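I opened this notebook to keep a record of what I looked up, entry by entry. Each entry takes up one topic and says what I found there.

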Amino acid sequence: ARHLVELGHRRLLILQPARRIGRPGLTVLKRVVEEEGLPLDVDIEPLSTHEGEPGLSTEDVIARLRDIDGPTFVQVNEADAPRILAAIAASGLRIPEDVSVMTTGASSWGELHRPPLSYTDVDYYECGALAANLLLALERREDLTRCTIRGAYYRRESVGPVAGLLADHNV
């Protein structure tokens, strides 16, 4: 969140499949922004994966990105990223010059995209090991404590300053 503020972003759009809206973890960025009082407006929206399904279509996403007051940053899950990236390219918008994009999940294909995609990821091996240990503790009737596995943010080239910010600040 701080990195996005440093780059001049003020409006963020997080896209998730409709079936994932409301899942734990989805609102982490929004919670951090609120807790730290950062000047970011975070919208979390469902992304329609099929015609007629509830949620934003790729056309809706592009319309929001083109809006003068629209988001300058989009986060999309790994499964939907190719469709959104294709729509952004077809619209003539450039990454990261016009819109910054990142995905969730450490996708090896993200390194092949031009520009290489920034992403967040969680160590799923660690998640599995923790789940197994919790199950064993349950079996032993031990008291359980809340566990948190921290994710990581990997900076690549798809997240950049808001258009015009470099020129405005003579950086």
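**Entry 1: a pair of helices**

I began with H3 and H4, whose crossing is right-handed. The model I am reading is a predicted one. I looked up how the two helices lie, and found that the axes of H3, residues 58-66, and H4 come within 10 Å and cross at roughly 55°. That angle makes H3 oblique to H4.

I then asked which residues of H3 meet which residues of H4. On the H3 side I listed Thr-58, Val-61, Ile-62, Leu-65 and Arg-66, and on the H4 side Arg-83, Ile-84, Ala-87, Ile-88 and Ser-91. Sorted by kind, the residues of this contact divide into 6 nonpolar, 2 polar and 2 charged.

**Entry 2: Thr-58**

Is Thr-58 buried or exposed? I noted a relative accessible area of 15% for Thr-58, and because the cut-off for buried is under 20%, Thr-58 counts as buried. Leaving aside residues up to four places away in sequence, I found that Thr-58 touches Arg-83, Ile-84 and Ala-87.

**Entry 3: the whole protein**

I stepped back to see the protein as a whole, and counted 7 helices and 6 strands in the record of its elements. From the N terminus on, these elements run α-β-α-β-α-β-α-β-α-β-α-β-α. The C-alpha trace spans about 60 × 40 × 30 Å along its principal axes, and of the 171 residues 36% count as buried. I also looked at contacts between residues at least 6 apart in sequence, and 71% of these join residues at least 24 apart.

Where in the chain is Ile-95 placed? I found Ile-95 in the loop between helix H4, residues 81-91, and strand S4, residues 100-104. Ile-95 counts as buried, at 12% relative accessibility. Not counting residues up to four places away in sequence, Ile-95 touches Leu-85, Ile-88, Val-101, His-113, Pro-115 and Ser-158. I also looked up Ala-63, which is 32 residues from Ile-95 along the chain, and their C-alpha atoms are separated by 16 Å.

The peptide bond from Ile-95 to Pro-96 is cis, with omega near 0°, and Pro-96 is found in the loop between H4 and S4. Pro-115, one of the residues that Ile-95 touches, is joined to Arg-114 by a cis peptide bond, with omega about 0°. I placed Pro-115 in the loop between helix H5, residues 109-112, and strand S5, residues 118-121. I noted these bonds with care, because most peptide bonds are trans.

H6 is followed by Arg-141, and I found Arg-141 in the loop between H6 and strand S6, residues 152-154. What is phi of Arg-141? I read a value near 60°, which is positive in a residue other than glycine. I wrote this down because most residues other than glycine have a negative phi. Arg-141 counts as exposed, at 76% relative accessibility.

Technical notes: Residues numbered from 1 in each chain as written. Predicted model: local features only at pLDDT ≥ 70, side-chain atom pairs only at ≥ 80, totals over all residues. Heavy atoms only, no water. Helix = DSSP H or I, 4+ residues; strand = E, 2+ residues; numbered from the N terminus. Buried < 20%, exposed > 50% of the residue type's maximum accessible area, 1.4 Å probe, protein only. Contact = heavy atoms within 4.5 Å. Axes fitted to C-alpha atoms, helices over the stretch in contact; angles between N-to-C directions. Parallel < 35°, antiparallel > 145°, perpendicular 65-115°, else oblique. Left-handed = near helix turned anticlockwise from the far one by under 90°. Nonpolar A, V, L, I, M, F, W, Y, C, P; charged D, E, K, R; others polar.
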